[in-house]
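Subject: Structure for you to look at

Hello,

Here is the structure I said I would pass on.

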Amino acid sequence: MWKWFHQLASPPHFYRLAGLWAPWFMGAALVLMAYSLYAGLVLAPMDYQQKDAFRIIYVHVPSAYLSLMAYTMMAVASAIGLIWRMKLAHAVAASAAPIGASFTFLALFTGSVWGYPMWGTWWEWSDPRMMTELILLFLYLGYMALRAAFEDRKRADRAGAVLAIVGVVNVVLVHYSVEWWSSLHQGQTIMNENATMPASMLTPLLTMILAFTLFFGALMFSRLRGEVLLRESNARWVRRLVAEEAAHA
Amino acid sequence: MLEFFAMGGYALYVWSAFGVTLVVLAGNWWFARRRHAQIIATLRRSAQVDSPEAQPGFKEVMT
């Protein structure tokens, strides 16, 4: 087991494994997404309060979940990178940022088009859930801008890591915003003993969350491979690999 | 069938949410692939001349 972890941390080994795993994660994500779409849009019954508009939940909740999960991953990887000086950890943080930002945008957008027919407003500046999620988007964009401002990658890694770790407070605020302050936003749907969803509605939501997570995994593997090449650009295996790719092209 | 697409009068909201999600997911995949290709191309160029910083386009991909 330890040997396996050691091998995983070796860049050429990781590069190869990530290349092998990415298509499987992507394939599984697409199959699960197709099922969840059918089950969520066709099979699931209409909600008695929200009618068919509730179906937006099947893209809103998975996006919002990933927006928080990706940030947490970014912050944890940054901490590992700072403390143990592990190169791959900084690569993980750098790869997660653009993906996380895109899912944060999705959570905000789908929330907005769900909010309008339900609450009569696209956006509410005083709402804690909306504001903390918007700050999350700015944290991602700030992290990427900060990285881009450094020419030296090691300094970009360190500066970005500090920002990512400080910003993790906001993840906690997003999560508890609907409990701590009064919000237009409804409370938790899953993992809440008071709000119960029938299986025909809940199952597609859970499978969609799994599908989004697998999709995120495939994207991470794909982006990480590039990051590994950049960080190891002077290693012999990278030079050989690039020369081989050139021969194919 | 038409009833399905009408989404009980919420078609605009439901389909825009799902449509934009599809675009963002596809875009993510496209950008990830493009970045990988760009990195390989940059490394190839810098391998030809042995000073990577001298190459145009190096900085954009490296940051």
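This is a predicted model: local features need pLDDT of at least 70, side-chain atom pairs count only at pLDDT 80 or more; totals for chains, interfaces and linings use all residues.

Residues are numbered from 1 along each chain as its sequence is written, and chains are lettered from A and ligands numbered from 1 in the order in which they are written.

Chain A overall

Chain A has eight helices and zero strands; here helices (H or I, at least four residues) and strands (E, at least two) are DSSP runs, numbered from the N terminus. Its pattern along the sequence is α-α-α-α-α-α-α-α. Along the principal axes, the C-alpha atoms of chain A fill a box of roughly 65 × 35 × 35 Å.

Of the 249 residues in chain A, 39% are buried. A residue is called buried if 20 or more other C-beta atoms lie within 10 Å of its own, exposed if 12 or fewer, and partly exposed in between, with C-beta atoms placed from the backbone. A:Arg16, in helix α2 (residues 11-43) of chain A, counts as partly exposed because it has 14 C-beta neighbours inside 10 Å.

Two residues are in contact if their C-beta atoms, placed from the backbone, lie within 7 Å. Among contacts in chain A between residues at least 6 apart in sequence, 77% join residues at least 24 apart.

Leaving aside neighbours within four places in sequence, A:Ala96 is in contact with A:Ala70, A:Met73, A:Met74 and A:Met220.

Two helix pairs

How do α4(A) and α5(A) pack? Helix α4 (residues 87-119) and helix α5 (residues 128-148) of chain A have axes 9 Å apart, at an angle of about 150°. Axes are lines fitted to C-alpha atoms, for helices over the stretch in contact, and angles run from 0 to 180 degrees between N-to-C directions. The angle makes α4(A) roughly antiparallel to α5(A); angles under 35 degrees count as roughly parallel, over 145 as roughly antiparallel, 65 to 115 as roughly perpendicular and the rest as oblique. By class, this contact has 14 nonpolar, two polar and two charged residues. Ala, Val, Leu, Ile, Met, Phe, Trp, Tyr, Cys and Pro count as nonpolar, Asp, Glu, Lys and Arg as charged, and the others, Gly among them, as polar.

The axes of α4(A) and α7(A) are also 9 Å apart, but the angle is about 130°, so this pair is oblique. Residues making the contact include A:Ala96 of α4(A) and A:Met220 of α7(A). The contact of α4(A) with α7(A) divides into ten nonpolar, one polar and four charged residues.

Chain B

In chain B, 25 residues are in contact with 36 residues of chain A. Helix α2 (residues 11-48) of chain B gives the most to the side that touches chain A, with 20 residues. That side of chain B has 16 nonpolar, six polar and three charged residues.

Regards
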